[in-house]
Each structure stands twice: as structure tokens, then as C-alpha cells.
Amino acid sequence: MFERFTKDARAVVQGAVGHAEEALAETVEPEHLLLALLDREGSRASFALAALGVGEQREAVRQALREARRRAGLSQSETEALAAMGIDVLEIVAKVEAAHGVGAMSPDGRKGGRRRTGHRSFSRGAKEVLEKALRVAVARRDRHIGDEHLLLALALRPGVPAEVLADHGVSHASLTRVLGEGGGRACA
């Protein structure tokens, strides 16, 4: 599959690995793919994000992803569903962080600060995004998988990245409108 990735898509995957390493995460997560997409400039995905107003909101998107990590990776909708059952996730986070330090509930915070070296595998969720990007490219009749396909796949897959994007005005429908319907052209 990676042989069909454009240089921009490969750069996103490499950037995601870098974000995972920086966060001391055991695996590359979908959130790391979104962070890497936010880092890109001059690509189809960066154009789409800028056209939808995320260019000026990049730091707000990053902050929303950090907040989700502090909630142990729970999306806002999951947090609200638990609240409806009487479980206050933010109160639990506050108590855990008071006892164990800020970020103790984040998937990255469990390592005790040890730097992990070597290969980082992709989580099931990140693999699903990569597979969905392939399906998106095929459905759009594009010959290559570009970073725009990764962005479209993140917007389609339920979870924190899609929720954060939607909260900032980016949906699959708005991305499709900005990027067009596809049509067999090779992605740069």
C-alpha cells in the first residue's frame, strides 16, 4: 500500500511517528496523523484545511487533541455520554492528576517519562485510517494516496480526530466540497 502513497502522504506518516516519539507514546495513533497533517504546508490537505479556516486555528486543534489525551483519549461525546450516567470524567481526571501529576491519565503519561527507542508500531485505529485512506482514494478513482486521502479518512472515522475536526468546521462533506469529488487524476 505504501508504494501508492505520495511524498506528502509519506511525510504525514513519518511526521506521525515523530509526534508519537515526542509524546513517548508506545504506538502511533490517529491523533498523531492529524498532528502531522497540521504540520504540512503546500499540500492538498493543507490547502483544504486552510480553505476551511483551520489554518488560523491550528493551535486550537492541537489544544483540543491535548485535552482529549488528558481525558485518557475519550472524545467529548464519550465524556458527555458518561456524564449522562453520572460519571464526571473531568472530576476523575482532576483527582488522578492531583495524586499522580498532570497527564497521568493520558496514554502517553503511563510510561513514567522513560524514553522508548526503536520502531513504533501503528495502533489499530491508525491502521484503520491508513486502510480507509486507500478506500477513499479508490472510491474517488485517484491513482495515488495523498495526504488529502488521509485527512478525508480521519474525518470519516469516528473518534477524537473526527470530533476535533468537526468542532473546527471540518467534516467529510466540507472536505469533499473543497477537494472536489476526485476523478482519476494523480495526486501530487
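In this predicted model, K7, D8 and R40 are joined to one another in a network of salt bridges. Over the whole structure, a search finds eight salt bridges.

One of these pairs E128 with R157, whose closest N and O atoms are 2.9 Å apart. E128 belongs to helix α7, whereas R157 sits in the loop between α8 and α9, so the pair ties together parts that are 29 residues apart in sequence. The two partners fall into separate accessibility classes: E128 has 33% relative accessibility and counts as partly exposed, while R157 has 18% and counts as buried. The value for R157 is read as buried because the class covers residues under 20% relative accessible area.

A salt bridge also links E59 and R66, with a separation of 2.6 Å between the closest N and O atoms. Here E59 is partly exposed at 45% relative accessibility, and R66 is likewise partly exposed, with a relative accessible area of 32%. In the salt bridge of R140 and D142, the side chains meet at 3.3 Å from N to O. R140 is buried, its relative accessible area being 7%. D142 is buried as well, with a relative accessible area of 4%.

R141 is found in the loop between α7 and α8. At 63% relative accessibility, R141 counts as exposed, in contrast to the buried R140 and the buried D142. The backbone of R141 has a phi near 60°, a positive value in a residue other than glycine. Most residues other than glycine have a negative phi. L24 also has a positive phi near 60° and is not a glycine. L24 lies in the loop between α1 and β1 (27–28) and, at 16% relative accessibility, counts as buried.

The protein contains ten helices and two strands. From the N terminus on, the order of these elements is α-β-α-α-α-α-α-β-α-α-α-α. Of the 188 residues of the protein, 45% count as buried. Among the contacts with a separation of 6 or more, 68% are between residues 24 or more positions apart.

The largest nonpolar core has 42 residues, of which L150, L151 and L175 touch the most other members. At least two residues of this core come from each of α1 (7–22), α2 (30–39), α3 (44–51), α4 (58–70), α7 (124–139), α8 (147–156), α9 (160–167) and α10 (172–179). When residues up to four places away in sequence are not counted, L175 touches A48, L52, L151, L152, A155, V170 and G180. One of these contacts, L151, is itself among the core residues that touch the most other members.

M85, I87 and I92 make a nonpolar surface patch of about 280 Å². I87 counts as partly exposed, with 34% relative accessibility.

How values were computed
Residues numbered from 1 in each chain as written. Predicted model: local features only at pLDDT ≥ 70, side-chain atom pairs only at ≥ 80, totals over all residues. Heavy atoms only, no water. Core = buried A, V, L, I, M, F, W, Y, C linked by side-chain atoms within 4.5 Å. Buried < 20%, exposed > 50% of the residue type's maximum accessible area, 1.4 Å probe, protein only. Helix = DSSP H or I, 4+ residues; strand = E, 2+ residues; numbered from the N terminus. Contact = heavy atoms within 4.5 Å. Patch = residues over 30% accessible without salt bridge, like charges linked within 9 Å, V, L, I, M, F, W, Y side chains within 5 Å. Areas by Shrake-Rupley, 256 points an atom, 1.4 Å probe, with all protein chains shown as cover. Salt bridge = Lys/Arg side-chain N within 4 Å of Asp/Glu carboxyl O.
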